[in-house]
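Here is a friendly note to read with the model in view. Please keep the structure open and follow the points in order.

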Amino acid sequence: MSGTRTPGTVSDSTSTLGRGLKVRHLTMMGLGSAIGAGLFLGTGVGIATAGPAVLVSYLLAGIIVVFVMRMLGEMGAAIPASGSFSHYARIGIGEWAGFVMGWLYWFMLIMVLGAEITGASGIVSGWLPGVPQWVVALVFVIFFAAVNLAKVSNFGEFEFWFAAIKVTVIIAFLVIGVLLVFGLLPDTEPVGTTNLFGHGGFMPEGFAGVAAGLLVVAFAFGGIEIVTIAAAESEDPERSIAVAVRSVVWRISVFYLGSISIMVLVLPWDSSDLKSGPFVAVLNQAHIPYVAGFMELVVVVALLSAFNANIYGTSRMAYSLSRRGDGPAFMARISNSGVPLNAVLLSVFFGFVSVLLNWWLPDDLLGLLLNAVGSALLVIWIFIVVSHLRLRPRLEREGKLTVRMWLFPWLSYVTLAMLAGFVVLMLFDTDARTQLISTCVLFLAIAALGVLNTRLRKRSQTV
């Protein structure tokens, strides 16, 4: 197939894709993808699982994300590719690794699409009691199909302003939360540490609770890696990715850790309000008129923005896989506007599948997807670290490094050890252990397909 590369080649041609994304687009896309169900809904699930100690889960995961994104930024700036870490796994580890990472990530984002659209349509259907949830979801899917089929510069601009709205609101939430914590708002008292250390202590569910919360936490940070996928369609990939990665990492860390800290300080960890809607629950304590209702609208915007960004991510990953022979040839087709037409339509199709799931499992779907995504993301992070360890010496010899991982190779090995530690912790939790086993089965199934694909391709080349 045209576009197929050998494992030893470090380029990944994306010349037929559009080139209209700017640094601000990349930054907001990273924020848009990561700030969705994971922050607005997943935080409540995480707090209910681990108690205030979920802060430990977020802090550890945040450190991991900073290191992983630094490694990914280093490789991305040296080798801009729409396949991103899938391409780096292919040239750093082997063809099978690129196949597995690409399709595992595609599968993971498809699950994320379901989580985002479930959350958004669930809230909107509450505003429109006569309209079924699946109908609302269907309307959203059709709308964002049109957005993603437009040229990439239009998509980037749309996503920029969509994400900017929720970033502005999160900053406002943090300001209001700090005022609430210190009792500086009318009719409020300083909250102290009663909620942080009361109600069973800081770690009411023990280490097992922290381990169980890690899957939700991993999902929360997922999506940030879309920056390196989108960089291939930017005007200056090498410079854009370096700036965007640095910007996204520290903003995500502040938003997540700041928001979680306010939540566990203001309300008891076992509050039912936190689990159902943590942001609204906190703002209700501030007694500001209409703020809670407005926050619900912002949550919908955030979820839809993440859904939009993840359609982009799945389509570009499928396009990249198909160009190098790891997917159906029809998904490598590019429209006149520089958009991978069939790859986008495939993602939209699975958006419709998520609509069916809304009708079939409207109450159980979100929790299932949150856990499933978290463990898959850990596997992807591990392969990013291994790819970096294998590729760094080669990129250094070729003089391609403009972004460098700190203290290489020691911090890379520390990151790998921390990821292994996360996996070990999860083995002590029943639900997490079941999900890890399921992810391993999925990994092996995709790996088997990868081996079969390689053999069929080699056989076709010899005929």
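1. Helix 8 and helix 12 cross in a left-handed sense, meaning that the near helix is turned anticlockwise from the far one by less than a right angle (clockwise would be right-handed). Helix 12 covers residues 237-266, and its axis runs 10 Å from that of helix 8 at an angle of about 35°. Axes are lines fitted to C-alpha atoms, for helices over the stretch in contact, with angles from 0 to 180 degrees between N-to-C directions. On the helix 8 side the contact includes Val167, Ile170, Ile171 and Phe173; on the helix 12 side it includes Val254, Phe255, Gly258 and Ser259. Contact here means heavy atoms within 4.5 Å. By class, this contact has 13 nonpolar, 3 polar and no charged residues. Nonpolar covers Ala, Val, Leu, Ile, Met, Phe, Trp, Tyr, Cys and Pro, charged covers Asp, Glu, Lys and Arg, and the others, Gly among them, are polar.

2. Before going on, a word on the basis of these points. This is a predicted model, in which local features need pLDDT of at least 70 and side-chain atom pairs count only at pLDDT 80 or more, while totals for chains, interfaces and linings use all residues. Residues are numbered from 1 along each chain as its sequence is written, and side-chain values use heavy atoms, with hydrogens and water left out.

3. Taken as a whole, the protein chain has 19 helices and 0 strands. These are DSSP runs numbered from the N terminus: helices are H or I with at least four residues, strands are E with at least two. The chain has 463 residues, of which 60% count as buried; buried is under 20% relative accessible area, exposed is over 50%, and partly exposed lies in between (1.4 Å probe, protein chains only). Of the contacts between residues at least 6 apart in sequence, 82% join residues at least 24 apart.

4. Helix 14 (residues 278-285) also meets helix 8 (residues 152-181): their axes come within 10 Å and cross at roughly 45°. The two helices are therefore oblique to each other. For that wording, angles under 35 degrees are roughly parallel, over 145 roughly antiparallel, 65 to 115 roughly perpendicular, and the rest oblique. This crossing is left-handed. Phe173, Ile176 and Leu180 of helix 8 make the contact with Phe279, Val282, Leu283 and Gln285 of helix 14. Those residues divide into 6 nonpolar, 1 polar and no charged.

5. Helix 12 and helix 14 pack against each other too, at about 55° with axes 10 Å apart, which makes helix 12 oblique to helix 14. Helix 12 passes helix 14 in a left-handed crossing. Here Ser259, Ile262, Met263 and Val266 of helix 12 meet Pro278, Phe279, Val282 and Gln285 of helix 14. The classes are 6 nonpolar, 2 polar and no charged residues.

6. Which residues touch the most other members of the largest nonpolar core? They are Ile35, Phe85, Met101, Phe221, Ile252 and Trp381, out of 152 residues. Such a core is a set of buried Ala, Val, Leu, Ile, Met, Phe, Trp, Tyr and Cys residues joined through side-chain atoms within 4.5 Å. Setting aside residues up to four places away in sequence, Ile252 touches Leu31, Ala34, Ile35, Phe221 and Ile224.

7. Is Ile47 buried or exposed? Ile47, in helix 3 (residues 42-50), is buried because its relative accessibility is 0%. Beyond its neighbours within four places in sequence, Ile47 contacts Val54, Met263, Val264, Trp269 and Leu274. Ile47 and Val216 are 169 residues apart in sequence, with 9.7 Å between their C-alpha atoms.

8. Val348 sits in helix 16 (residues 341-360) and is buried, at a relative accessible area of 7%. Apart from neighbours within four places in sequence, Val348 is in contact with Val141 and Ala145.

9. Some backbone details deserve a look. Most residues other than glycine have a negative phi, and most peptide bonds are trans. Asp187, in the loop between helix 8 and helix 9 (194-197), has a positive phi near 60° and is exposed, at 75%. Leu407, in the loop between helix 17 and helix 18, has a positive phi near 50° and is exposed, at 62%. Phe408 and Pro409 are joined by a cis peptide bond, with omega about 5°. Pro409 lies in the loop between helix 17 (365-397) and helix 18 (410-426).
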